[in-house]
Amino acid sequence: MYFCIMNNVFCTKRKIDYRYDLKGSTFGRRTITNETDKFDHTIALKDLDFLDSNEKFRIGEFNKRKMMEIIQRDC
């Protein structure tokens with residue numbers, strides 16, 4: 001199953017702290033290879049970096065319901 005959620009969030013005056021390129025896979029999906037790597041804010045982090053960060057998406061209840069409907073519709 002594939003799904004794609006895209007929106008141009010980089011065209012903003014707000015400071016972007018972290019940028020992730022999430023594919024839903026963990027195979028080869030790490031940008032930061034060790035703790036001594038200097039973090040470059042211009043490079044997108046990947047799936048394993050996101051999981052390691054313990055961050056969460058905060059999209060609100062309405063958007064959560066809509067997203068779950070889309071994901072579950074094709075299962």
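Start by selecting Arg29: this residue is buried, with a relative accessible area of 10%. You are looking at a predicted model, so treat each stop as a feature of that prediction.

Arg29 and Asp47 form a salt bridge, and their closest N and O atoms are 2.8 Å apart. Arg29 sits in the segment before α1 while Asp47 belongs to helix α1, so this pair ties together parts that are 18 residues apart in sequence. Asp47 counts as buried too, at 7% relative accessibility.

Next, show Asp21. Its side chain meets that of Arg29 in a salt bridge of 3.7 Å, N to O. Asp21 counts as partly exposed, at 30% relative accessibility. Bring in Lys23 as well, and you have a network of salt bridges linking Asp21, Lys23, Arg29 and Asp47.

The structure holds six salt bridges. For another one, select Asp17 and Lys15, whose closest N and O atoms are 2.7 Å apart. Here Lys15 is exposed, with a relative accessible area of 69%, and Asp17 is partly exposed at 37%.

Time for some rings. A search of the whole structure finds two aromatic pairs. Pick Tyr20 and Phe50: their ring centres are 5.1 Å apart and their planes stand at 85°, so the pair is edge-to-face. Tyr20 lies in the segment before α1 (47-53) and Phe50 in helix α1, 30 residues apart.

Definitions and conventions:
Residues numbered from 1 in each chain as written. Predicted model: local features only at pLDDT ≥ 70, side-chain atom pairs only at ≥ 80, totals over all residues. Heavy atoms only, no water. Phe/Tyr/Trp six-rings, centres within 6.5 Å; stacked < 30°, edge-to-face > 60°. Helix = DSSP H or I, 4+ residues; strand = E, 2+ residues; numbered from the N terminus. Salt bridge = Lys/Arg side-chain N within 4 Å of Asp/Glu carboxyl O. Buried < 20%, exposed > 50% of the residue type's maximum accessible area, 1.4 Å probe, protein only.
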